[in-house]
Amino acid sequence: VVCLTAQNIQITGNTFHTNGVSAFNAGGGIEIVGSGHTINNNSFVGGKVYGIVLLASNTVVSGNTFTGNLPVVNPSPWTAIRIWNSNGNTVMNNTIQKHDVGIKLTGATGNTIFGNTIIDNAVNINVDPSTSNTINGNLIGGGETGITIIDSQTTTVHTNQIINNINGIVLQGSTGNLIYNNRFENTHNAS
């Protein structure tokens with residue numbers, strides 16, 4: 001577990017076997033606080049709880065590979081990337097597979113999830129509760145649920161391929177969301 005509190009850190013080209021519990025008691029490969037970071041071209045294998053926990057703003061997470069080990073029996077979902085009480089981050093061009101949750105946004109505002117391959121996770125993307133985030137240009141497939149948006153406002157979901165999930169997108173207690181130009185091919189496309 002690497003726990004960092006600083007500004008403008010770059011983490012590149014590493015392999016993390018993500019197990020253990022961190023100072024924030026969240027468990028993960030990297031936990032980072034501050035702003036202006038770059039986390040790119042790393043590999044995250046397995047998982048105790050999280051691959052990356054962002055408690056940061058204006059950070060770019062790109063070109064990483066997250067390979068979990070579903071099926072998992074664990075009271076805390078194994079999550080590749082958790083964006084927690086953070087704003088202005090970009091998560092792009094990552095490959096995420098075989099986790100309980102691929103990407104989870106909690107208390108997050110103004111983040112962009114773009115151009116990722118997020119497949120074979122129980123829930124590929126979970127937004128709960130968050131505001132004004134954008135999910136676009138991703139391949140989201142092979143899960144129980146493609147995207148869940150719970151108690152969140154003004155989330156924009158566009159130009160994604162949301163395919164081969166049991167549930168394509170699930171909205172609960174959310175308002176003002178904009179969903180357009182997505183390709184849906186799931187057992188249940190929307191609920």
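These are my notebook entries on a predicted model of a single protein chain.

**Ground rules**

I number residues from 1 along the chain as its sequence is written. The model is predicted, so I take local features only at pLDDT of at least 70 and side-chain atom pairs only at pLDDT 80 or more, while totals for chains, interfaces and linings use all residues, and side-chain values rest on heavy atoms, with hydrogens and water left out.

**Whole chain**

I looked up the secondary structure first. The chain has zero helices and 25 strands. Here helices (H or I, at least four residues) and strands (E, at least two) are DSSP runs, numbered from the N terminus.

Next I checked burial. Of the 191 residues, 49% count as buried. Buried means under 20% relative accessible area, exposed means over 50%, and partly exposed is in between (1.4 Å probe, protein chains only).

Among contacts between residues at least 6 apart, 34% join residues at least 24 apart. A contact here is heavy atoms within 4.5 Å.

I traced an open sheet of nine strands in the order 1-4-7-10-13-16-19-22-25, with parallel pairing. Two strands pair if DSSP finds at least two bridges between them. Strand 1 (2–7) and strand 25 (188–190) are the edge strands, each pairing on one side only. On average, neighbouring strands in this sheet are turned by 15° against each other, direction ignored. The axes behind that angle are lines fitted to C-alpha atoms (for helices, over the stretch in contact), and angles run from 0 to 180 degrees between N-to-C directions.

Then I went along the middle of the strand order, pair by pair.

- Strand 13 and strand 16 run parallel and are joined by four bridges; Val-101 stands opposite Val-123 in strand 16.
- Strand 16 pairs with strand 19 (residues 145–150), again in the parallel sense, over four bridges, and Asn-126 faces Thr-148 there.
- Strand 19 and strand 22 pair in the parallel sense over five bridges, with Ile-149 opposite Leu-171.

I noted that strand 16 (residues 123–127) is mostly covered, with five of its five residues buried.

I found another open sheet, of eight strands in the order 3-6-9-12-15-18-21-24, with parallel pairing. Strand 3 (15–17) and strand 24 (183–185) each have a single partner strand, so one side of each is left without a neighbour in the sheet. At one end I checked strand 21 (residues 161–163), which pairs with strand 24 in the parallel sense over three bridges; Ile-162 has Phe-184 as its bridge partner.

**Core**

The largest nonpolar core has 31 residues, and those with the most contacts inside it are Ile-81, Ile-103, Ile-125 and Ile-147. Strands 4 (30–35), 7 (50–57), 10, 13, 16 and 19 each supply at least two residues of this core. By nonpolar core I mean a set of buried Ala, Val, Leu, Ile, Met, Phe, Trp, Tyr and Cys residues joined through side-chain atoms within 4.5 Å.

Leaving out residues up to four places away in sequence, Ile-103 touches, among others, Ile-81, Val-91, Ile-118 and Ile-125.

**Single residues**

Thr-106 is in strand 13 and counts as buried because its relative accessibility is 14%. A polar atom of the Thr-106 side chain lies 3.5 Å from the backbone oxygen of Asp-128. Beyond four places in sequence, Thr-106 also has contacts that include Arg-82, Trp-84 and Pro-129.

Asn-167 belongs to strand 22 (residues 167–172) and is buried at 18% relative accessibility. Past four places in sequence, Asn-167 is in contact with residues including Glu-144, Asn-186 and His-188.

Last, I looked up phi. Most residues other than glycine have a negative phi. Asn-85 has a positive phi of about 50°; this residue sits in the loop between strand 10 (79–84) and strand 11 (90–92) and is exposed at 56% relative accessibility. Lys-98 has a positive phi too, near 65°. Lys-98 is in the loop between strand 12 (95–97) and strand 13 (101–106), and at 39% relative accessibility Lys-98 is partly exposed.

Definitions and conventions:
A polar contact is a pair of N or O atoms within 3.5 Å; within protein, one must be able to donate a hydrogen and the other to accept it, and residues adjacent in sequence count only if both atoms are side-chain atoms.
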